[in-house]
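Please read it alongside the coordinates.

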Amino acid sequence: MGGMKFHLGLVITVIFAISVSVKGQLHDFSDGEFDVRQYLSTSSRYGAGKKAMNDNHQNPAAPPSGCTPILLNLVARHGTRAPTKKRIKELDQFSIRLEHLLKYADDTLTGETHGSQQIPSWLRGWQSPWDIKKTSGELTREGEEELYNLGTRLRERFPQIFDEDYHPDVYLISATQVPRASASAVAFGMGLFAGKGVLGEGQHRAFAVISDSRANDIHLRFHDTCQTYKEFKKKREPALKGLLFPVYAEVSASLVKRYNLNFTEDDVALLWFLCRQEAALLDKTDQACGLFTQTEVELLEWVDDLVLHYLKGYGESINFRMGVPLLQNIVQSMEQAILMKNAVEKARLRFAHAETIIPFTCLLGLFLSASDIERIQREQPLEPPPKPPQERRWRGSTVAPFAGNSMLVLYKCLVQGSSTGKVTAPEEPSNSFFVQILHNEKPVSIPACNGTYFCPFEEFKERVAGPHLRHTFESLCTVKVTHADCPLTCRISRFFQWLFLRKGYKLHPCEDKDEL
């Protein structure tokens, strides 16, 4: 009997210990089928974003027989980056906030209401792992590897494109003036041209990366140079916060009940941000992410995607129509490659931000149905992505993860002669050229081209690009202000802004924008 009591006591102790462990660290997403790293919206690492996309897309057919790639246009986001100074300051302040929450719980709650066993131990004494003196949104080592490996894979995948020695007229590489974007371009180029030079053991070679000034970059930083969009965003953001508040309130109520800590809606937003940073940058999924259930993670990701929809995606036509100069530049490069029999240029390689690639995918009409395509071409906003647990095509983790990219590959295809049966080049060259779109290196269907994977160039130009190219950047992005709307002081201020921007000066060189 004594032995039975001993064993029973041991079992109860073990069960209690397990219970404490489970309560103290509620969810560990490092194992199992649900991987939180695939649910971080635009904070997802490239590998996680690719996996999430591969899990939801079918494998398309190979390129048609007799087709050879002759031109590649790449638009890529920078690789994984550290938090900006603005967000690091918020995390530093949040560590103080956590101290107050824990002290209040210790001082005011007693006994069963305290629930100290429910409070994860990592919260006590937590400090941000990012030092504001050393970190400012720069590319991380993982980000460098993402772009370096991308360059290596593209060279292997398209040997017909990357078979020549580097020359800026053959391979034009451009980036925004933001350091993480230009660093991504360098990392990509090192992978692309590895072994083709004489520098060091890796036989690297030098190559050029060009940039427009921040004030005048309408191809890769249109989100910062389009005044109409900036005015729209300023007006939309307050209403958007009201739309998101109930979701944060719902999650905060669950956290308060679960941990007996008075987390507010703002606390939830910061904890979710911390979860995304820990999972993406540190591969930690059992601290901040572990505070949330799977259902809450999916809900918070959806909230992030809502913001993307309304401010960067299909929620308003100005969000993506302002990217017309980029689309026009790509179409023109294809036209030149078609018209010139011995074209020199083989690739245009661009490196920018989520604010670039998200609108660009919308211009291409990706992740949409045929009916949705008709709506955006009529400049009608689309409905927001449905709330979980409903399925949705448009997710930040697949549209624009770190190092996310869209590629347009122009193929030259030989056609079957009608009389002789021999393979010959057609009289009309445009009829033998096709466009393929790859997103995150995976071929995707083109809804505006009847859902095909290879769209005849003329159809691509008419159906995909044509409805957008009716507009110009100036007509879309020039803010029309009347004297009634803008008093004398306002007009003087706008005059000097116009004067400085015209000369290429930056008005706010020290501004720490929370840019994706």
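## A buried histidine

A polar contact is a pair of N or O atoms within 3.5 Å; within protein, one of the two must be able to donate a hydrogen and the other to accept it. The model discussed here is predicted. In it, the side chain of His-439 reaches the backbone oxygen of Thr-398 at 2.9 Å. A polar atom of the His-439 side chain also lies 3.3 Å from the backbone oxygen of Asn-405.

His-439 is found in strand 7, which covers residues 433-439. Is this histidine, His-439, buried or exposed? With a relative accessibility of 0%, His-439 counts as buried, because the cut-off for that class is under 20%. Leaving aside neighbours within four places in sequence, His-439 is in contact with Met-53, Ile-357, Thr-361, Leu-366, Phe-367, Thr-398, Val-399, Asn-405, Ser-406 and Val-444.

## Nonpolar cores

In soluble globular proteins, nonpolar side chains tend to be buried together. The largest nonpolar core here has 102 residues. Which of its residues touch the most other members? They are Phe-292, Phe-360, Leu-364, Leu-408, Leu-410 and Phe-460. Helix 8 gives the most to this core, with 10 residues. A second, separate core has 32 residues, including Leu-147, Ala-187, Phe-188 and Cys-413.

Not counting residues up to four places away in sequence, Leu-408 touches Leu-71, Leu-72, Asn-73, Ile-330, Met-334, Phe-360, Leu-364, Val-435, Gln-436, Ile-437 and Phe-460. Among these, Phe-360, Leu-364 and Phe-460 are also listed with Leu-408 as residues that touch the most other members of the largest core.

## Disulfides

A disulfide is a covalent bond between the sulfur atoms of two cysteines. How many disulfides does the structure hold? The structure holds 4 disulfides, and three of them are described below.

Cys-226 and Cys-477 form one of these, with their sulfur atoms 2.1 Å apart. Cys-226 lies in the loop between helix 6 (222-225) and helix 7 (227-259), and Cys-477 in helix 16 (residues 473-477), so the pair ties together parts that are 251 residues apart in sequence. The torsion about the S-S bond of Cys-226 and Cys-477 is about -95°, which means the disulfide is left-handed. Cys-226 is buried, at a relative accessible area of 0%, and Cys-477 is buried too, at 5%.

The sulfur atoms of Cys-275 and Cys-289 are 2.0 Å apart, forming a disulfide. Cys-275 belongs to helix 8 (residues 265-282), while Cys-289 sits in the loop between helix 8 and helix 9 (294-311), so this pair ties together parts that are 14 residues apart in sequence. Because the S-S torsion of Cys-275 and Cys-289 is about 95°, the disulfide is right-handed. Both Cys-275 and Cys-289 are buried.

Another disulfide joins Cys-449 to Cys-455, with an S to S distance of 2.2 Å. The link of Cys-449 and Cys-455 is right-handed, with 90° about the S-S bond. Cys-449 counts as buried at 2% relative accessibility, and Cys-455 is buried with a relative accessible area of 0%.

Technical notes:
Residues are numbered from 1 along each chain as its sequence is written. This is a predicted model: local features need pLDDT of at least 70, side-chain atom pairs count only at pLDDT 80 or more; totals for chains, interfaces and linings use all residues. Side-chain values use heavy atoms; hydrogens and water are left out. A disulfide is a pair of cysteine sulfur atoms within 2.5 Å. Helices (H or I, at least four residues) and strands (E, at least two) are DSSP runs, numbered from the N terminus. Buried means under 20% relative accessible area, exposed over 50%, partly exposed in between (1.4 Å probe, protein chains only). A nonpolar core is a set of buried Ala, Val, Leu, Ile, Met, Phe, Trp, Tyr and Cys residues joined through side-chain atoms within 4.5 Å. Contact means heavy atoms within 4.5 Å.
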